Amino acid sequence: MNIIQLFSLLDLKRDEILKLDSEDYIRIEKKINFEKKINPEIDSRTSENLILALKEYKEELLFVLSNRILFNFLNQSNFSKNNFSDYDLTVSDEKIKNFISLFLADDLVSFFGLKLSKNKYNTLEELSDLLNFKGYFPEEILHKMALLVFSKVDFVNSQLVSSENVNSNIYYIEFNPFYDLLSHFSGIEMDQKVANLLSVVFKFYKRNKNVLFFNSVLRSMASYTAFNENLHELLIKNREAVSKTGQGIEAEINHPAMGIALAVICALIPFIVTKCS
């Protein structure tokens, strides 16, 4: 349990945070001690951290509690916008980074990894939404998240390279939010992984293997915002090629744009390590 979950469990009020005094802290501590007797998930460290945050980091705490995306993610909840108010806070990015580093870093990374492992459309969308606020995350947290996402793409590539069939555990590669998520870590390394994935997808597609699935994958891959402009343009062109109407699957596979796509990858993106064929 983290301090956001404990705050929610205690049913404390956001609009009272900035007005709390010494008597209020005593009242809250008593409430925590009572809850600890009936809820073993509340540990002393979290309790002490919440009191510390209420005393020394009022604005930072209120900022996180008032942000629907951050609050729901850290509280593992799904409250609507109607449950949040704009407190017109002016808190620097560095203060929020420091606050998250002190109190929420472990859960932010562990919850991220847990949701990433679920491979569902809505959880991938939630992670992408969360990363819209990555400017508030310390570099160490972003590095750990990036490693998890890189590993996810590597797993897909290894599964496709080593199998003649598509396993159900990689179906998420046809979801747009997956590529929105990858875009948050766009750079030379991620571009290489996405380009490798694209070359493997083409091998399946042109062999007429699971063509409807890979048609969907090629459409969705255009949602990735590549660091390399050539790769970005290629992904868009591929989406346009497979999205043409009035053509059968065979015509789509043999469309001129599809025929040159793999060659274009090989010619224009020299850092790719996958062999082109």
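Predicted model: local features only at pLDDT ≥ 70, side-chain atom pairs only at ≥ 80, totals over all residues.
## Helices H4 and H5

Two packed helices are described by the angle between their axes and the distance between the axes. Helix H4 spans residues 58-66. Helix H5 spans residues 68-75. Their axes come within 5 Å and cross at roughly 90°. H4 and H5 are therefore roughly perpendicular to each other.

The H4 side of the contact consists of Phe63, Val64, Leu65 and Ser66. Facing them in H5 are Arg68, Leu70, Phe71 and Leu74. By class, this contact has six nonpolar residues, one polar residue and one charged residue.

## Burial of H5

H5 is mostly covered. Of its eight residues, seven are buried. They are Ile69, Leu70, Phe71, Asn72, Phe73, Leu74 and Asn75. Leu70, Phe71 and Leu74 also belong to the contact with H4.

The buried residues of H5 pack against several helices. H4 is one of these partners. The others are H1 (3-9), H7 (105-116) and H8 (121-130).

## Lysine 58: a buried charge

Lysine 58 lies in H4. Lysine 58 is buried, yet has no salt bridge. Which side chain of opposite charge is nearest to lysine 58? That side chain belongs to aspartate 24, and it is 7.5 Å away. A salt bridge needs the nitrogen and the carboxyl oxygen within 4 Å, so aspartate 24 does not qualify as a partner at that distance.

What does lysine 58 touch, once residues up to four places away in sequence are set aside? The contacts are Ile17, Leu18, Leu20, Tyr25 and Ala53.

## Salt bridges

The structure holds six salt bridges. The side chains of lysine 13 and aspartate 11 meet at 3.9 Å, N to O. Lysine 13 is partly exposed, with a relative accessible area of 42%.

Lysine 97 pairs with glutamate 94. Their closest N and O atoms are 3.5 Å apart. Both residues are in helix H6, three residues apart, so about one helical turn separates them. Glutamate 94 is exposed, at 54% relative accessible area. Lysine 97 is partly exposed, at 22%.

Helix H9 holds another pair, glutamate 140 and lysine 144. These two residues are four apart, about one turn of the helix. The closest N and O atoms of this salt bridge are 3.5 Å apart. Glutamate 140 counts as exposed, with 56% relative accessibility. Lysine 144 is partly exposed, with a relative accessible area of 37%.

Phenylalanine 227 sits in the loop between helix H12 (211-221) and helix H13 (229-242). Is phenylalanine 227 buried or exposed? Its relative accessibility is 56%, so phenylalanine 227 counts as exposed. Phenylalanine 227 is in contact with Ser186, Gly187, Ile188 and Asp191, leaving aside neighbours within four places in sequence. Isoleucine 188 is 39 residues away along the chain, but the two C-alpha atoms are separated by 6.5 Å.

Lysine 134 belongs to the loop between H8 and helix H9 (139-161). Lysine 134 counts as partly exposed, with 28% relative accessibility. With neighbours within four places in sequence left aside, lysine 134 is in contact with Leu142 and His184. Lysine 134 and histidine 184 are 50 residues apart along the chain. Their C-alpha atoms are separated by 8.6 Å.

## Positive phi in loops

Glutamine 76 lies in the loop between H5 and helix H6 (93-103). Its phi is near 55°, a positive value in a residue other than glycine. Glutamine 76 is partly exposed, with a relative accessible area of 37%.

Asparagine 119 is in the loop between H7 and H8. What is the phi of asparagine 119? The value is near 60°, again positive in a residue other than glycine.

Key:
Residues numbered from 1 in each chain as written. Heavy atoms only, no water. Buried < 20%, exposed > 50% of the residue type's maximum accessible area, 1.4 Å probe, protein only. Lys, Arg positive; Asp, Glu negative; His and termini not counted. Contact = heavy atoms within 4.5 Å. Axes fitted to C-alpha atoms, helices over the stretch in contact; angles between N-to-C directions. Parallel < 35°, antiparallel > 145°, perpendicular 65-115°, else oblique. Nonpolar A, V, L, I, M, F, W, Y, C, P; charged D, E, K, R; others polar.
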